[in-house]
Each structure stands twice: as C-alpha cells, then as structure tokens.
Amino acid sequence: MVTVLLPGPLRGEAGGASRLSITAAGTLRAVLDEVATEHPRLARRIRDERGELRRYVNIFVDGEDCRHSGGLATPVADDAEVQVLPSVAGG
C-alpha cells in the first residue's frame with residue numbers, strides 16, 4: 001500500500017484527509033491515476049489538462065524529488081511514501 005501525504009492546503013480536496021492509502025504502485029503515474037479516480041478535485045490540483053505535473057507542485061517519492069528521478073515514470077514501491085507539496089510564494 002502506497003501512502004500519499006497531503007499538506008493542509010490540499011486536504012480539502014481529499015475530504016480533509018492528511019494521508020491517502022493507495023493500492024496502485026509501480027509508477028507515480030499509476031498512483032496519481034488512482035488518486036484521480038478517488039479524488040478528482042485533488043487530481044486537478046496536482047496535474048494539468050494533459051495529465052502532466054503542474055509546474056508549481058512538487059512530489060517526492062520516499063524523499064526523492066520525482067522531477068529528478070523520472071517524473072511520472074518514477075518507480076513507486078508497494079510500501080512507498082509519496083509527499084505532495086505545492087510551492088508557496090510570497091513576499
């Protein structure tokens with residue numbers, strides 16, 4: 001089971017959950033596809049219309065930034081932890 005960790009700003013899109021248990025594994029794309037099935041509003045905050053990661057969303061698989069390890073093709077083990085972090089801007 002893959003655990004997806006959500007920060008406060010995204011929890012409302014997942015019914016208030018801070019963690020999601022996802023049965024899909026293999027790649028980050030498979031994990032996010034299951035997230036999209038269960039929480040479509042959350043999925044729209046993570047991926048764009050083409051299914052690509054949104055520019056200002058960072059995703060870490062077991063602590064590694066997925067943008068440096070294969071993007072949506074990043075391998076995800078059955079017991080992995082996936083952390084979703086939207087960028088925070090301010091001045």
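A: Contact here means heavy atoms within 4.5 Å. Residues 24 or more positions apart account for 47% of the contacts in the chain with a separation of 6 or more.

Q: Before going on, what should I know about the source and the numbering?

A: This is a predicted model, in which local features need pLDDT of at least 70 and side-chain atom pairs count only at pLDDT 80 or more, while totals for chains, interfaces and linings use all residues. Residues are numbered from 1 along each chain as its sequence is written, and side-chain values use heavy atoms, with hydrogens and water left out.

Q: How many helices and strands does the chain have?

A: The chain has three helices and seven strands. Helices (H or I, at least four residues) and strands (E, at least two) are DSSP runs, numbered from the N terminus. From that end, the order is β-α-β-β-α-α-β-β-β-β.

Q: And what is the radius of gyration?

A: It is 12 Å for the chain, close to the 12 Å that the globule rule gives for 91 residues, so the chain is as compact as a globular protein of that length. The radius is taken over C-alpha atoms, and the rule is 2.2 Å times the number of residues to the power 0.38.

Q: Which residues have the most contacts inside the largest nonpolar core?

A: They are Val4, Leu28 and Ile59, in a core of 24 residues. Helix H2 (28-38) gives the most to this core, with four residues. A nonpolar core is a set of buried Ala, Val, Leu, Ile, Met, Phe, Trp, Tyr and Cys residues joined through side-chain atoms within 4.5 Å. Buried means under 20% relative accessible area, exposed over 50%, and partly exposed in between, with a 1.4 Å probe and protein chains only.

Q: What does Ile59 touch?

A: Leaving aside neighbours within four places in sequence, Ile59 is in contact with residues including Leu28, Leu32, Val82 and Val84.

Q: Changing topic, how many bridges join E1 to E2?

A: Four bridges join strand E1 (residues 2-5) to E2, and the two run antiparallel. Strands pair if DSSP finds at least two bridges between them. Thr3 has Ser21 as its bridge partner in E2. Ser21 lies on the uncovered face of E2 (residues 19-22) with Arg19, whereas Leu20 and Ile22 form the covered face.

Q: Is Thr74 buried or exposed?

A: Thr74 is buried, with a relative accessible area of 4%. Thr74 lies in the loop between strand E5 (64-65) and strand E6 (75-76). Beyond neighbours within four places in sequence, the contacts of Thr74 include Gly26, Leu28 and Cys66.
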